[in-house]
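User: Hello! I am new to this structure and would like to learn how to read its salt bridges. Could you guide me?

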Amino acid sequence: MDQLTKLQARRIALAAQGFTDRPHATPSMATLERTLARTGVLQVDSVNVLQRAHFMPLYSRTGPYDVELLRRAQTHTARRPRRLVEYWAHVQALMPVELWPLMRHRMEKYRGERGKWGFTADPRLEPRVLDAVRERGPVTARDLEDDLSTGPRTREHWGWNWSEARKVLDYLYLVGDVAVAGRNSQFEVVYDLPERVLPAAVLAAPTPTPQEAVTELVRRAARSHGVASAACLADYYRLRLQPAPGKASAKAAVDELVESGELVPVAVQGWKRAAYLHRDARLPRRVGARALLSPFDPVVWERSRAEALFDFFYRIEIYVPAEKRIHGYYVLPFLLGDRLVARVDLKADRASGRLLVPGAFAEASAPPETADELAGELRRLAGWLGLDDVIVGERGALSRALGAALSR
């Protein structure tokens, strides 16, 4: 069995995620497609304290780009088919449209379970909702609420504030009877029939068996990770790791890919779990990255993997009471070279045109140039967001040096 040092594993992982790709002078649709081929999916999240989560991984890898590129990739015209569609791929995420057939096994699972949230949409409303989408689509749940209201909303589950229209639409989306056409300016999901959202060739593609679908998703996860444990490979597309009677599993997929030579078993320094190296993974001599990473970036979304690769203990504290937060509300790791060297709490104050940095924290391994490099990246981020200034607060041992670097 081959052995990798932790440094080698980090560099392989960062190369697989696109951090060694040659930058394009002006990011284009080709840039977006290259980046998406690395990340596989773009996680969607409603928090907008800085920038929506799905915009950030592209920025982290390509630098400032026109966000209209991402919107164009989610539209369909006669000359330019839609490239991305939203589905429960990792969690809620934008994924390439060609993954739709691979998600049909998941859709059927949700159909059998009547959804995934623990509350059940009223099946009597499904035909009415489908008819409404067919006649009025694209629509939001709010567009249908008045016609489909069945009385006051209840608080029986965490989704208590969802209207009946929202519950039914979400169920129909999970099982593939409707698709997400996009989001409106309030970030509400807009639904329509799949045939009006997805390219005809995608809808006509054959449905793989559940195990065939899982194997292809594990293959894609392995390319995006470069090197990973079986658990990380399963997590990338939220797959079942261990086999169960009659069920597809990521473990069976890993075994198949090892047998075919596509995955190579390796040992990684300090890892307790066995690891697998994709045969096409590159080990660069160096990684010259300088990037702020969203909390929902694939490099850090599996927190145990981030710790194993970077010795970086990371938890998002959005749902932690303010007085108990260690680093802040919306904290982004700072990647410099092949290390996560710092983290910063950020907020875009759009009313005043300022990028606020309430706290800045250096890791023990941070090099002397961390403050200067972070200052440069914060200026670049502010420019991309249309903000005029960067204001550093007082929390964190890096704040003073960062403020001084920004003032130079």
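Analyst: Gladly! A salt bridge is a side-chain nitrogen of Lys or Arg within 4 Å of a carboxyl oxygen of Asp or Glu. Asp21 and Arg38 form one, their closest N and O atoms being 2.8 Å apart. Asp21 sits in the loop between H1 and helix H2 (29-39) and Arg38 in helix H2, so the pair ties together parts 17 residues apart in sequence. Helices (H or I, at least four residues) and strands (E, at least two) are DSSP runs, numbered from the N terminus. This is a predicted model, where local features need pLDDT of at least 70 and side-chain atom pairs count only at pLDDT 80 or more, while totals for chains, interfaces and linings use all residues. Residues are numbered from 1 along each chain as its sequence is written, and side-chain values use heavy atoms, leaving out hydrogens and water.

User: How many salt bridges does the structure hold?

Analyst: There are 32 salt bridges. Among them, Asp338 pairs with Arg11, with the closest N and O atoms 2.8 Å apart. This pair links distant parts of the chain, 327 residues apart: Asp338 is in the loop between strand E11 (331-336) and strand E12 (339-349), and Arg11 is in helix H1 (residues 6-16).

User: Are Asp338 and Arg11 buried or exposed?

Analyst: Buried means under 20% relative accessible area, exposed over 50%, and partly exposed in between (1.4 Å probe, protein chains only). Both Asp338 and Arg11 are buried.
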